[in-house]
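Please look over the fold before reading on. The report below takes the chain from its overall build down to single residues.

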Amino acid sequence: MPQTAPSERSRVRRAPSRADYDRVTIDAILDEALVAHLGFAVDGQPYVIPTLHARSGDVVYVHGSAASRMVRTLSAGTPACLTVTLLDGLVLARSAFHHSMNYRSVVVLGQARLVEGDAERVEALRAFTERLIPGRWDEVRPPSRQELKGTQVLAMDVDEASAKLRAGGPVDDDEDYALDVWAGVVPLRLQAGAPEPDARLRPGIAPSAAVTAAARRSPRAPGAPAPA
């Protein structure tokens, strides 16, 4: 794994052997994660907001109401921290102290800018929709002018970012390997279920090709490349 951090403040200090600063790794984790947490401070009070995100090239987009505190604060240039985490397994050791988790995480530091142009804002909303269900954007009504007016989009450059990963089994103290205690990994996967129709769906409308494909998509094994 590349071990050169893009900046001193983004360098992983705790368990640095698990750090990865390669953009391929960082992009793959950002693209697989469904929820980001966006941290910022207002008058000394920290806030961490869970939000949908989408990456497009070197930019991560988040969105919110034009009246939201998150949008108002971050669009004014307040420093931000965006994080995502994927859990791949519970690591069960022979001792309580060495229990852990297998995970892949990313931290992005920087400032967010308000997306002003309609073209980039529409592109960001398309990225959000496609992030949830690939192919969905072309199946639904695009945002109206009024909807665009009421939604603000923030963009963060993926310049100062780091990934941290753990994989594999437990690491016990040498003397504990003789204990009669089961040890290993309980894998975790996020799996889509069968589509459930809206109560007001008109009769005769079947799930679209994009929805059907999303429901059939198998969870990706940790460390495997993301779909193109």
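## Basis

This is a predicted model, in which local features need pLDDT of at least 70 and side-chain atom pairs count only at pLDDT 80 or more, while totals for chains, interfaces and linings use all residues. Residues are numbered from 1 along each chain as its sequence is written, and side-chain values use heavy atoms, with hydrogens and water left out.

## Overall build

The protein chain has 5 helices and 10 strands. These are DSSP runs numbered from the N terminus: helices are H or I with at least four residues, strands are E with at least two. Along its principal axes, the C-alpha trace spans about 65 × 50 × 30 Å.

Of the 228 residues, 35% count as buried. Buried means under 20% relative accessible area, exposed means over 50%, and partly exposed lies in between (1.4 Å probe, protein chains only). The accessible surface comes to about 13500 Å², and carbon and sulfur atoms hold 56% of it. Areas come from the Shrake-Rupley method with a 1.4 Å probe; for residues, only the protein chains shown count as cover. Among contacts with a separation of 6 or more, 71% join residues 24 or more positions apart. A contact means heavy atoms within 4.5 Å.

## Strand pairing

Strand β2 (residues 36-42) runs antiparallel to strand β3 (residues 45-51), with 7 bridges joining them. Strands pair if DSSP finds at least two bridges between them. A36 has T51 in β3 as its bridge partner. The two strands form a hairpin with 2 residues between them.

β2 also pairs with strand β6 (residues 79-92), again in the antiparallel sense, over 3 bridges. Here L38 stands opposite L82 in β6.

## Nonpolar cores

A nonpolar core is a set of buried Ala, Val, Leu, Ile, Met, Phe, Trp, Tyr and Cys residues joined through side-chain atoms within 4.5 Å. The largest one holds 25 residues, and L30, L38, L74, L82, V84 and V106 touch the most other members. Elements giving two or more residues to this core include α1 (23-32), β2, α2 (69-75) and β7 (100-114). β6 gives the most, with 4 residues. Another core lies apart from it, with 12 residues, among them A54, V115, L148 and V153.

Which residues does V84 touch, not counting those up to four places away in sequence? They are I29, L30, A33, V35, A36, H53, R104, S105 and V106.

## Single residues

Most residues other than glycine have a negative phi. A15 has a positive phi, near 55°. A15 lies in the segment before β1 (19-20) and counts as buried, at 18% relative accessibility. D43 also has a positive phi, of about 55°. D43 sits in the loop between β2 and β3 and is exposed, with a relative accessible area of 83%.

R69 lies over the face of Y47, at 3.9 Å from the ring centre. A charge sits over a ring if NZ of Lys or CZ of Arg is within 6 Å of the ring centre and within 35 degrees of the ring normal. G150 is in helix α4 (residues 145-150) and is partly exposed, at 40% relative accessibility. Beyond its neighbours within four places in sequence, G150 is in contact with G64, S65 and A66. G150 and K164 are 14 residues apart in sequence, and their C-alpha atoms are 36 Å apart in space.
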